[in-house]
Amino acid sequence: MNTPKRYLITAALPYANGLKHIGHLAGAYLPADIYVRYLKAQKRDVVFVCGSDEHGTAIPIQATKEGTTAQAIIDKYHPIIEQNFKDLGIAFDIYHRTSDALHHETASAFFKDLEAKGDLETKTSLQYYDAAANSFLADRYIKGTCPNCGHHEAYGDQCEKCGKSLSPEELINPVSTLSGNVPIKKETTHWYLPLNKHEDFLREWILKEHANDWRPAVVGQCKSWIDGGLQPRAVTRDLDWGVKVPVAGGDGKVLYVWFDAPIGYISATKQWAKDNGKDWTPYWNDAETKLVHFIGKDNIVFHCIIFPIMLKLHGHILPESVPANEFMNLEGDKMSTSKGWSIEMDDYINKWIKKENGGTGLADSLRFYLTSIAPESKDSEFTWKGFQESVNGELVSIFANYVNRTWVLMHKLCKGKVPPIHPDLLDEEDNAILQSVKDSKAKITELLEQYKFRDALFEVINLARIGNQYMQKKEPWIVAKNLATDPTAQAKIDNCMHACLQLCANLAILVNPFLPFTARKMCYLMKVVDKMLDWENAGNFNLLKVGYSLRPPELLFRKIEDEEIEAELSQLQTNLKAKKITMDTITTTDASTAPEANDNAFKPEIVFDDFGKIDLRVGTIIDAKKVEKADKLLQLEVELGLEKRTILSGIAMHFEPSDIIGKQVVVVANLAPRKMRGVESKGMILMAEDAHGKLYFVQPSEAIAAGSKIS
RNA sequence: GGCGAGGUAGCUCAGUUGGUUAGAGCACAGGAUUCAUAACCCUGAGGUCCCGGGUUCAAAUCCCGGUCUCGCUACCA
């Protein structure tokens, strides 16, 4: 294994529109922090950068929601997120922000350079435009009905109810959130990054070079994108919140957030270098730097496809690895802040860490559990019960208990001082325990280098288990009963306790990347400086000097009680209900007070003649079947009296074809035909929809002749 | 529908290029012990390796088909 000259480690920039939950923590920040702490203990040259992503349309949207400015939003969340990370021991070398002038300069120059070299293309296209507000509408400024779940408040980029990614074109009944008007389409010019031109490079770099050392899911996802045919991607937007497009024709446009955000890694590095009197350039330009991006699986395409192309074009190094984690669920469901089904870092900190409740030990308890269930190879699940069992059963019972019994015994039998070794009495067990430490260190080191943090942490606990076994065999508390009769008794005790103490010192070093607060507390108990935690010290049994007096025993962690778990579980249900009520309230309030800005509101008045243009008829479904290669479409044959019609309807998720044959429906009979999935649809079925997105047929109260007019 | 990842003990997960009787930790049961946060230590019980075919002397592993979960993507007048 040849060691890189230096490391640059990044963790995904959290979006500064709200609080971040423990799923985010487990996905990117915690593994990154563990890796960095390990590298630093190895005395490697490493910089760990992160920062708030403060651009994009969701920020000004959130501002509107909270009745304030975009600047106020980021100024509110940036410091909270930064502090949350600190409280949980995520030790960035710098936590920067993309609203900073230095970042604007950096991103701006980056874009300018690519533009000047001809690496970008421009293209004119039709985009939604709000004539009343005199502005183009970013995805996030368009609301409409979600085509996936039928939610009325879906945004142009994503539906927050079902979480599906959308494009504005997909929305049903799109409405501008600025004025409430139906947007029109207007020409606009944007810059594009032609991903398609770099396909060969990506194939070579990812599918060949990294086919085996990157995680299967990462390579698989990339392969899927590359094989699917890469398209040019717009890198600018019509918006006034973000980094201004710095070239001619860029008025009123900013860099698209995903173009600007990853450059945030670079500007953060610059800021760090500035603050510390260093040169940032080798970290991004020198081939001997190892760059690693820690992210969640939703970010794979940006960090493995788009950003690498940008880096290559701008003359930077490429990431050596992108260890993306899968998702962490919570008690059987996906985590979602907006649904109230999540555990915010901020909440955990306030409840478990800050109070006299537990202090920093509880930060490590969370780090422990999250690491032990890290979604490294598949989605995993956080349960409070699991948290309790993991902490009580392994962290406390095995690890902390080992340290505690060592300390207590050492004070009882060795006067609180590191006892001497008596070489003539050393036996196989004593030699074996030293060898175990060396073996564990080698294993843990290897696993950490491979980003297998879950397994690495298990090895640390296992070493404590070995310590327990060793002590059990030696039974110093039994030996102590023979002090009067056995002249070698004290020497035997000394040898055992000496080994146990040295093992504790080793445990502190090895656990440090995972549980930094605990490692520090162990240093305190041992009365040693942090320097002892250097990785090179692990595997040695001379870390504590003979005769050195140590502090009295103190518990490293406390157990998690049943009542606390029950409280958390019911809190979760409460949050869920509270959020639901809030959402319902907002929906109804909006409908009554600001009808024009809400698509649940009544549409603008029309005259009778407008209505008269619509030919509504009663029809009877005489056949229904699923459309091939479409999950949501049903192909219906509808009897309209004068003729039979083929009508397609997006209701396949709600009804079984066999169940609806014979049903009477209301049909818009004179709607212009439209082809979907290769089948022409002549007309439209009217459906009613409740607040939960459930669909109902609109039909006459009693069966009447097919083709009957409705007016 | 297409693509990607996953499905192994009650739970959380390992199982490298096919090779004895499929492993670990929790949880559970029994035993031993008391230095330790009712902790530790020893022993044990537990599996149709999602289902069905195929290749092979030999399949959790390779191939084909199906099914379920998650993600990306298409479809929604």
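Trainee: At roughly what angle do the axes of helix H11 and helix H14 cross?

Mentor: This is a predicted model, in which local features need pLDDT of at least 70, side-chain atom pairs count only at pLDDT 80 or more, and totals for chains, interfaces and linings use all residues. Residues are numbered from 1 along each chain as its sequence is written, and side-chain values use heavy atoms, without hydrogens and water. Helices (H or I, at least four residues) and strands (E, at least two) are DSSP runs, numbered from the N terminus, and axes are lines fitted to C-alpha atoms, for helices over the stretch in contact, with angles from 0 to 180 degrees between N-to-C directions. The axes of H11 (residues 360–372) and H14 (residues 453–474) come within 8 Å and cross at roughly 120 degrees.

Trainee: Which word describes H11 relative to H14?

Mentor: Angles under 35 degrees count as roughly parallel, over 145 as roughly antiparallel, 65 to 115 as roughly perpendicular, and the rest as oblique. The crossing is at roughly 120 degrees. H11 is therefore, relative to H14, oblique.

Trainee: Is Thr-98 buried or exposed?

Mentor: Thr-98 lies in the loop between strand E3 (94–97) and helix H4 (101–116). Beyond its neighbours within four places in sequence, its contacts include Leu-13, Asp-53, His-103 and Asp-260. Buried means under 20% relative accessible area, exposed over 50%, and partly exposed in between (1.4 Å probe, protein chains only). Because its relative accessibility is 1%, Thr-98 counts as buried.

Trainee: How many disulfides are there?

Mentor: A disulfide is a pair of cysteine sulfur atoms within 2.5 Å. The sulfur of Cys-50 is too far for a bond, because the closest cysteine sulfur, in Cys-304, is 17 Å away. Cys-504 is also in no disulfide, with the nearest cysteine sulfur, that of Cys-500, 7.1 Å away. By this rule the count is zero.

How values were computed
Chains are lettered from A and ligands numbered from 1 in the order in which they are written. Contact means heavy atoms within 4.5 Å.
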